[in-house]
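The sequence and structure follow.

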Amino acid sequence: MTRKRIEILVAVALNIIIWLYVIVSPVLTHPIDKPFTLQDYFRMLMFPLTDCFICYLNYYLLIPRYLKYRRLWRFLALNLVTIALLATLRVVLFPYLEAPPMPPPLDGIQPNAPGWQIYLRDSVSLAFVCVAVSGIRLGIEWLNTEENKHKTELQLKAAELKVLRNQINPHFMLNTLNNIYALINFNPQHAAEAVTQLAALLRYMLYEAPDEGVEVQRLASLCEDYINLMRIRVNKNVDVTFDSDVPDGHGPLVTTYLLMPILENAFKHGVSPTRKSYIHIILRCDESIFYFCCRNSNYPRQNNEQQQGGIGLEQVRKRLELSYPDSYTYSAGLSPDGKEYSTEIEIHFPKPASEEEQKAKGTARE
């Protein structure tokens, strides 16, 4: 049920309660041992009607205009003036209506009590109405504020994710074009193949990749295409493995460009032109857990290049925080001897409902 429906239901329930109180109150407050006429009923309506007036005055005017915007002193002053006027109206006007004697109230004030006691009693009852209706209206306003806050957070996350996506594409293009440029000089045929594979990847990124995420099977295929693209530029001394075990068909959705910066970093800093190198990648997924691990040998570049390469990995952390808050673990860093760099990501998804649960939900909705 949405917040708007809750607000409407609360408003309808409040109006029903108020008017039931107005209609029934004269009957309930009349002495049982006294005759009760229609004239007496209309005389006694003065009390619930004044309660009703101050209730509506606060709910639709004073609270939205003053209390909601923290103009507390104006809110209190206007309520005190209203309570004073309505209590005075009750005390002064009621005897002239020739109403029957009132029953002894619960607080022990007798009908023939001094006027100031009756005035105090009526003021307290009116103040209680103000406090009750203020609590109800502020509760509704709090629910609306929380809903608007949640919507704003979702919009900000979506906007930030789009910014990150626009940053990743140029970053990916820069690294890949540098690799193809290096291939042109010593292996033009492989460079042409790399351009073809790059065009296929870019076609997917520009026209096919969904903003909400991609199925794990498709993500594994993208990773494999990128790894094959990078294999063209590395020599035989580099051991590149990709171990993938993902479900066929529909599975959980994962952020489309989540793994690209990690793969770029592995091929940029994990490959040596003269020494044996390795890049070992593992991708596992079931209905509730996504696991990715990349381990590569570490051959750091010059300091200026190493600083430029840190953009992509920082984006990985930001994307995880925005897309899977409190549902992921992320670790990245060097081994104690500094020879290996490893990155691990684990994302926990809600377990899908069983067929029986889905049928039960469908029946409940109907």
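Five strands form an open sheet in the order 2-4-5-7-6, with mixed pairing; strands (E, at least two residues) and helices (H or I, at least four) are DSSP runs numbered from the N terminus, and two strands pair if DSSP finds at least two bridges between them. This is a predicted model, in which local features need pLDDT of at least 70 and side-chain atom pairs count only at pLDDT 80 or more, while totals for chains, interfaces and linings use all residues. Residues are numbered from 1 along each chain as its sequence is written, and side-chain values use heavy atoms, without hydrogens or water.

Strand 2 (238-245) and strand 6 (328-334) are the edge strands, each pairing on one side only. Strand 5 (residues 289-297) and strand 7 (residues 340-348) are antiparallel over 9 bridges, and tyrosine 291 stands opposite glutamate 346 in strand 7.

Angles run from 0 to 180 degrees between N-to-C directions, with axes fitted to C-alpha atoms, for helices over the stretch in contact.

| Helix | Strands touched | Angle |
|---|---|---|
| Helix 7 | strand 2, strand 4, strand 5 | about 170° with strand 2 |
| Helix 8 | strand 2, strand 4, strand 5, strand 7 | about 15° with strand 5 |

The largest nonpolar core has 49 residues; Leu259, Phe290, Phe292, Leu320, Ile345 and Ile347 touch the most other members. Such a core joins buried Ala, Val, Leu, Ile, Met, Phe, Trp, Tyr and Cys residues through side-chain atoms within 4.5 Å, buried being under 20% relative accessible area (1.4 Å probe, protein chains only). Helix 7 (residues 216-231) supplies the largest share, 9 residues.

Notes. Buried means under 20% relative accessible area, exposed over 50%, partly exposed in between (1.4 Å probe, protein chains only). Contact means heavy atoms within 4.5 Å.
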